[in-house]
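Below are my notes as numbered points, starting with a sheet and ending with a pair of helices.

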Amino acid sequence: MALSVSGQWRYSQEVRQLRRRLPETFWPPLDRPCNRPCRAGEFLGKIAYHRHKPRELSLNIPIVECCETPLPPQGLPPAVCHLPPPPAMSQRQRGVVLTEPGQKRLEAAIAAAQDREKYGKRFTQAELEERAGISRKTIKKICDRTAPVDEASVQTFFAAFGLDLETTDYGLPELPPQAAGPEPTPQETRSSAKIDWGEKPDTSIFFGRTEELAILNRWILTEPCRLVTLLGMGGIGKTSLAAKVADQIYDQFDYVIWRSLREAPPLDEILVRLIQFLSDQQETEINLPTRLGERIIRLLHYLREHRCLLVLDNLESVLQAESTGQFRGGYEGYGELIHRIGEAEHQSCLLLTSRECPRELAPMAGDRFPVRLWSVTGINIEAGRAILKAKGLELDEADTQGQELICRYSGNPQALHLVATAIQREFLGDVDDFLEEEGAAVEDVRSLLDQHLTRLVPLERSILFWLAINREPVGLDELMEDLLPPVTKREVRSALRGLTDRYLIETVDKQFTLQNVIMEFATDRFVEQVSGELNTQQFDLFHTHTLIQATAKDYVRETQMRLILEPIAVCIANLDQHVCVSLQTIRQHSDWGRGYAAGNLLNLLVQVRSDVQPFDFSRLTLRQIYLSGIELHGWNLVNSRWIRSALTYPFGRISSVSFSPDGQWLATGGNDATIRLWQVSTGECCQTLTGHTNSVKSVVFSPDGQWLATGGDDGAIQLWQVSTGECRKTLIGHTNWVNSVVFSPDGQWLATGSDDATTRLWQVSTGECCQTLTGHTNSVKSMVFSPDGQWLATGSGEAIIQLWQVSTGECRKTLIGHTNWVNSVAFSPDGQWLATGSGDAIIRLWQVSTGECRKTLIGHTNWVRSVAFSPDGQWLATGSDDATIRLWQVSTGKCRQTLTGHTNWVSSVGFSPDGQWLATGSDDATIRLWQVSTGACRQTLTGHTNWVRSVGFSPDGQWLATGSNDATIRLWQVSTGKCRQTLTGHTNRVSSVGFSPDGQWLATGSADATIRLWQVSTGACRQTLTGHTNWVRSVGFSPDGQWLATGSNDATIRLWQVSTGECLKVLQIPRPYEGTNITGVRGLTEAQRASMLALGAVDHSSESSAAGEVGSSTIL
């Protein structure tokens, strides 16, 4: 029995379906006879397909459809019914083709649809593809009847035009004579493609990139794309990825050719080679048209005729170095070739690799277009680790070494190969040694990256170095502020686009930064070039770029000093002499004098050397100079211009800190009776508010950020307008220190707590005290409004907390549990919880509705001075006299972080409005800004330390004098222990007492900046000595009693003649800016100028102005 053609085809289809479902090793011979006679309507045969459990599986082909002659009713004997071997069909003969009747039906249906929907205009290939949901290639095969297509695709295409596929519409393709015989193996099938691999690299060793390979396979084979471009920086693995893709898919093409453009061959040469290869050498250069456009058309003919894969590697070789994405002169034809291949319809694919994206490509590319761009990034940790191990490196078990290497070189495969080789050769395979040598040089990697650097235009190079200096992502506007000479935003955007197209920079939330490997390379090159400029006195980068940024975060600036400034300083043999020569050079070039050069020299001097002689920087521009904690004695800065600089500020212990509602400002109050406003982003002090006469204990912004309320030891509350820094109201009523001030949530009320044991409610608009809340018997240390403004919680020295109803002024609840002073209270944002900190070193969380203590937080080892909830209410920050800050998780009551760094009491803590930052103030005279997520201290604002108390015995030992914070002095009789006299007169704390050698006189020094001389016998004040401008901390008589020496927080020692009360000498230790002339300096804020003058700087312009005024008045 012989099968008909139709039966042979159906037999083959069924067998192939079985093969896909069953393991290949389980297949028995296919030509075995049936086990019993076949009858009409029964199945053709059976196949045993399992070794251990024989089963029968019938082929789903009825005899009546397969045999050419009808079977007799009794069937055929077994000997006759043989299952014939499947007909030999090549890979290209699978599927069906349309018959002539089927083609006519389909063409008529398409024509009718065109008339109905497009008024007779033909459907484009894209429209047909979208309508039917099958690829253009398959549609072309169906319509041309040149190659078989699976029946399902034909049925789908017919259905797209309202047709049902009938058996008369399709049939088997005609079998060519060579098709007879066994089915070809995959290797034989692959060998049918014509291949010219050219310079394609070997990919037998290839790691990772599984996802990328899958995406590229889908783009090229399934979608299919006409043009795919792999983009990325040098060494990132573009060529290897393209080669691996080609290895995986080449058997799906008729022709495959790979060409490298590394040597920049002319386009004519490339086109000739491509056309000759695709025409099987039938076309020669002599026969080809001479015009470029006609040659491209000829190439497109072959791309339509055959399924071809063309690979052009290293396209950047024919692009301009000075202009991103533009072709070199004489190579513009490559742009036309790319454009034509991307837009023309064909069944082939061009695969490109490039370090830059040609400008012709971007407009054509898109996720739904047949032109695609793929950015090749670094490999993942696993693949990087495989590369390092393949190079023979022995990594630690925890794999920290491998991860650090891969991250340092941003997963760049070529860089990892080169680094691994360098470690083997230069470090004898010791990875730790390599990692510990910071900035270890790998020349091969630098050579690789130098190729990128040489292609950059000056502005692109400048931006690259600026990003290396910044170390962190930086925005466009901030970058423009740094650039010299000034450029337009359009020019900067263009340069950033060029760097992005070259894959040298990364974008993070609309900010720009460098990959690790690029940043390390750019930093090294910057240091090398600046060092060379200093030696040759030919300044370029030295006057257009800063070495450190004075306004940067502390940790960023420290990194800049370590990696940039210090290595440059090491290269200079005699720094002082070099600076003198450089200053002369700068003055000879006006442009250099306005750049960064002078500021860089000053930073080199003061940051590297501790003993710096005075220099003349007059009439120069000083950009980004960092002078915080630096001493400049006698420097000449006359008529200099300061831009974005940082200074030392003369303030003492910080008692209170507060963020503005928008998080842009930080207010601090200290015991120098001043309030300072700091810009959070830069760390600069922008305003210094003066008006209090004693320590400022509490500062707080109004909810709208327009007002600042401050309370101090002078018993006054002051309301300041933030925008102008002016004091608009002074609230008087308390009779002792004001420890706490707080605004109501609506900003209409201000509550203040005092050592007079009262709480006062003030109406902000009028400054009137509307209620005085009494009930505490000790100092009111802290207070807070509930979020709805209906409740006020106060904590006091008698270890209790009271909840007051604001509308009535009545105390509704008293919370008892602490065993010492309650120093701080805070409501949670939802108003359900109240946190309290006490001198018993414990924090308690109270449920407001019930007044019950729900959690007790234990961890501090000394008084808890301050508590604050984060804005989301999930965290509680506490500051203590143990010099630590703790972050507690409110839900669990557990301490999650302990922040250390302060060296004295932490008296104030406060979250920024977004909850990302925590500000803390301490008695060590510093303010610290902490990043909540990491617990790292990002900025430290420093000042001076002080605070001394004193007691003194009379020379005969019979009397004891004591000075107190209540502004009084008491004289005690030692023998009886009784207080015999109370001396009053000072208006602030008495910090020092001392008897004269004869015991007749008592000298006292106070925070009111005065010294008083008292007659012991009468208790009368005989003299008040004035001259100090700050607290008088110490007093002492000379042995003969004729002289009195006093020491003060104004950093001076004064010698007074006791008999006359005259100050005859002022002794002063050089202050940080002692004698430095800042006459005519521009760019200083008023706060900066005042700080420099307070720390010893001199400004003769103010003296000249005063003299001028006197002279004018005299003339008048």
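1. Two strands pair if DSSP finds at least two bridges between them. Strands (E, at least two residues) and helices (H or I, at least four) are DSSP runs, numbered from the N terminus. With that in hand, there is an open sheet of four strands in the order β23-β24-β25-β26, with antiparallel pairing. Its edge strands are β23 (738–743) and β26, each of which pairs on one side only. From one strand to the next, the twist averages 20°, where axes are lines fitted to C-alpha atoms (for helices, over the stretch in contact) and angles run from 0 to 180 degrees between N-to-C directions.

2. A word on the basis: this is a predicted model, in which local features need pLDDT of at least 70 and side-chain atom pairs count only at pLDDT 80 or more, while totals for chains, interfaces and linings use all residues. Residues are numbered from 1 along each chain as its sequence is written, and side-chain values use heavy atoms, with hydrogens and water left out.

3. Going through the sheet, β23 and β24 are antiparallel and share five bridges; valine 742 stands opposite alanine 751 in β24. Alanine 751 also has a bridge partner in β25, namely leucine 761. Strand β24 (residues 749–754) and β25 run antiparallel, joined by five bridges. Their hairpin has three residues between the strands, and alanine 757 there takes a positive phi near 70°.

4. The next pair is β25 with strand β26 (residues 768–774), antiparallel over six bridges. Tryptophan 762 has cysteine 769 in β26 as its bridge partner. This hairpin has four residues between the strands, and glycine 767 takes a positive phi near 80°.

5. How enclosed is strand β25 (residues 758–763) by the rest of the structure? Largely so, because five of its six residues are buried (under 20% relative accessible area; exposed is over 50%, partly exposed in between, with a 1.4 Å probe and protein chains only).

6. Now the helices: the axes of α10 (residues 267–278) and α11 (residues 292–305) come within 10 Å and cross at roughly 30°. The two are therefore roughly parallel to each other (angles under 35 degrees; over 145 is roughly antiparallel, 65 to 115 roughly perpendicular and the rest oblique).

7. In contact (heavy atoms within 4.5 Å), residues of α10 including Leu271, Ile275 and Leu278 meet residues of α11, among them Leu292, Ile296 and Tyr302.
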